[in-house]
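Okay, thanks for having me, everyone. I'll keep this short and talk you through a few side chains and then a pocket. Let me put it on the screen.

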Amino acid sequence: MEEHFPEPSVNNLTSPSPSNIPFTVDRLTENVTVTVRFRPLSPREIRRGEEIAWYADGETILRNEENSSIAYAYDRVFGPTTTTRHVYDIAAQHVVSSAMEGINGTIFAYGVTSSGKTHTMHGDQRSPGIIPFAVKDAFSIIQETPNREFLLRVSYLEIYNEVVNDLLNPAGQNLRIREDSQGAFVEGITEEVVLSPAHVLSLIAAGE
């Protein structure tokens, strides 16, 4: 069934995220939120004389640098000086804690090449990304909940040109997406039981 929602507006600003809920910061507790993080200019872009085209106007508005009347409203906007830790705390941490309570959750980065997706999701030793933060929080919640049993399993897959490949098993190519009474699943995907944050990150590194 396909649903259509009216495009909301706040002070005549349009929002690319479909919703019929009044736009407030409280929407961070709703089912789907859309946040925008934009990076600073790279040294190469600065050398070429390129200029920043958009800027954050407060916490929810993205405004055009050349024409300030062009603006979009999102659930949250993060400027170029925002740390990944802050992005995680605001935009992702509640998804992780809800998942540990049994609620399905998804966090994904979308953007053009070189827009900063890998930096935001993976990070590096000096500046961890959302994935390391999420893994650490998941195991912290397990330690803080001794009266419950948890079983964590990790899969790592790639979807490219509608082909699903298992990144933890080179033989797992062109896998099928199936559905049963429990929901959708990838047939034959590797699922590794994990016992520590380091174990999870080592599997991700192997998949990379």
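Let's begin with Y72, which comes out partly exposed at 32% relative accessibility. Keep in mind that this is a predicted model. Y72 has an aromatic partner, W54, and the two rings are tilted, with 6.0 Å from centre to centre and 50 degrees between the planes. W54 belongs to strand β4 and Y72 to strand β6, and the two are 18 residues apart. W54 is partly exposed too, at 29%.

How many aromatic pairs turn up in the whole structure? The search gives 2. The other one I'd like to show you is Y88 with F133, again tilted, at 5.6 Å between centres and 35 degrees between planes. Y88 sits in helix α2 and F133 in helix α5, so this pair ties together parts 45 residues apart in sequence.

Buried or exposed, what about Y88? Buried, at 0% relative accessibility. F133 is buried as well, with 12%, and R85 lies over the face of its ring, 4.4 Å from the ring centre.

Helix α5 gives the most, with 6 residues. By type, the lining splits into 28 nonpolar, 9 polar and 4 charged residues.

Terms used:
Residues numbered from 1 in each chain as written. Predicted model: local features only at pLDDT ≥ 70, side-chain atom pairs only at ≥ 80, totals over all residues. Heavy atoms only, no water. Helix = DSSP H or I, 4+ residues; strand = E, 2+ residues; numbered from the N terminus. Nonpolar A, V, L, I, M, F, W, Y, C, P; charged D, E, K, R; others polar. Phe/Tyr/Trp six-rings, centres within 6.5 Å; stacked < 30°, edge-to-face > 60°. Buried < 20%, exposed > 50% of the residue type's maximum accessible area, 1.4 Å probe, protein only. Lys NZ or Arg CZ within 6 Å of the ring centre and 35° of its normal.
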